Every structure is written in structure tokens, then in C-alpha cells.
Amino acid sequence: MRDALADHLKDPLTLALAGLGITFAPYEWIGGLFLALAGAAFAMRSDPEQDRRELWLVMLGAFLASHIAAMVWQRWPAQWWTMAPPVQLVMCGTGFLSRRLTRIALRLAGLIEARSEAIADRVIDRVLPPEDGPHN
């Protein structure tokens, strides 16, 4: 047991995964990561990216979303009547859905940018007192 633990502590990939909060085997993580990226690429085939930046955002989103889904999957309590899906399946599905989430996030960011002047004016009006108010 001590030798197995010492071997794992020497493995930089295991230490990096532990830092990310992933506690399952590295080969499961690598397989899930490739499936998440494949799911995102499959989703992009049906709805191509508009520019090069969006491609990288989708891949980064698939990477991050699949990690978060894997961490949630590990903590999700299994019920006696259900069979827990493999973590790779969860990561693949999350990678596929990350394409849609990235598109929604980009559209929301564009709408906020377009209305940024009005949003800033409303925030300033709420935070700062009006200039023509009563003076002491």
C-alpha cells in the first residue's frame, strides 16, 4: 500500500488531477477529456463557429465544463435503484452541451457590451446621490 501511494505521489499527472479536484484514475480522466472535446466538436459540426476565437472558447468551455461535471458526478449520491453512468459519459455529454452554453454566453456578452453605456448610467444613478439633491 505504501509503495502504491509513493508511486502515485511521484506521478505529476496524478498530482495535477488532485489539484483540479479529480480523484479518479488518470486514464478515465484522459478518456473523458477526449470524449468531451469530441462532443464539442460534434456539436460544432451542426452549428459552425463564426470566427476562430469561438473555436477556442468552445474547446476551453468543454474542458472546464467537463471537469466541473466530473467533480459533481463524483459527489452525486447514487441511489440503490439507479446505476451511475461512467464518468466518461458525463464528460462527453457536458462537452456536447458546452457548445450551446458558449454560444449563449457570447450572445449575452455582446448584448451587455451593446448596452454598456445605459447599464453604467443606471449603476451610477443607484450608487451615487443626485447632484441637485438637498445640501447641508
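**Figure 1. Overview of the helical protein.** The secondary structure of this protein comes to six helices and zero strands, and the coordinates belong to a predicted model. Read from the N terminus on, the elements follow the order α-α-α-α-α-α. Of the 136 residues of the protein, 22% count as buried. Among contacts between residues at least 6 apart in sequence, 73% join residues at least 24 apart.

**Figure 2. Close-up of helix α4, its length and its buried residues.** Helix α4 covers residues 52-75, and at 1.5 Å a residue its 24 residues should span 34 Å, which agrees with the 36 Å that separates its end C-alpha atoms. The buried residues of α4 are E54, L55, V58, G61, A62, A65, S66, H67, A69, A70 and Q74.

**Figure 3. Close-up of the packing of α4 against α5.** Two packed helices are described by the angle between their axes together with the distance between those axes. For helix α4 and helix α5 (residues 87-114), the angle is about 135 degrees and the axes lie 7 Å apart. Because angles over 145 degrees would count as roughly antiparallel and those from 65 to 115 as roughly perpendicular, α4 is classed as oblique to α5. The crossing of these two helices, α4 and α5, is right-handed. On the α4 side the contact is made by E54, L57, V58, G61, A62, A65, S66, A69, A70 and W73, and on the α5 side by V87, V90, M91, T94, G95, S98, R99, T102, R103 and L106. By residue class, the contact of α4 with α5 divides into 11 nonpolar, six polar and three charged residues.

**Figure 4. Close-up of the packing of α3 against α4.** Helix α3 (residues 26-46) and α4 have axes that come within 9 Å and cross at roughly 140 degrees, and the two helices are therefore oblique to each other. The crossing of α3 and α4 is right-handed. Helix α3 contributes W29, L33, A36, L37, A40, A41 and M44 to the contact, while α4 contributes L55, V58, M59, A62, F63, S66 and H67. The residues of this contact of α3 with α4 divide into 12 nonpolar, two polar and no charged.

Methods. Residues are numbered from 1 along each chain as its sequence is written. This is a predicted model: local features need pLDDT of at least 70, side-chain atom pairs count only at pLDDT 80 or more; totals for chains, interfaces and linings use all residues. Side-chain values use heavy atoms; hydrogens and water are left out. Axes are lines fitted to C-alpha atoms, for helices over the stretch in contact, and angles run from 0 to 180 degrees between N-to-C directions. Helices (H or I, at least four residues) and strands (E, at least two) are DSSP runs, numbered from the N terminus. Angles under 35 degrees count as roughly parallel, over 145 as roughly antiparallel, 65 to 115 as roughly perpendicular and the rest as oblique. A crossing is left-handed if the near helix is turned anticlockwise from the far one by less than a right angle, and right-handed if clockwise. Contact means heavy atoms within 4.5 Å. Ala, Val, Leu, Ile, Met, Phe, Trp, Tyr, Cys and Pro count as nonpolar, Asp, Glu, Lys and Arg as charged, and the others, Gly among them, as polar. The expected span of a helix is 1.5 Å times one less than its number of residues. Buried means under 20% relative accessible area, exposed over 50%, partly exposed in between (1.4 Å probe, protein chains only).
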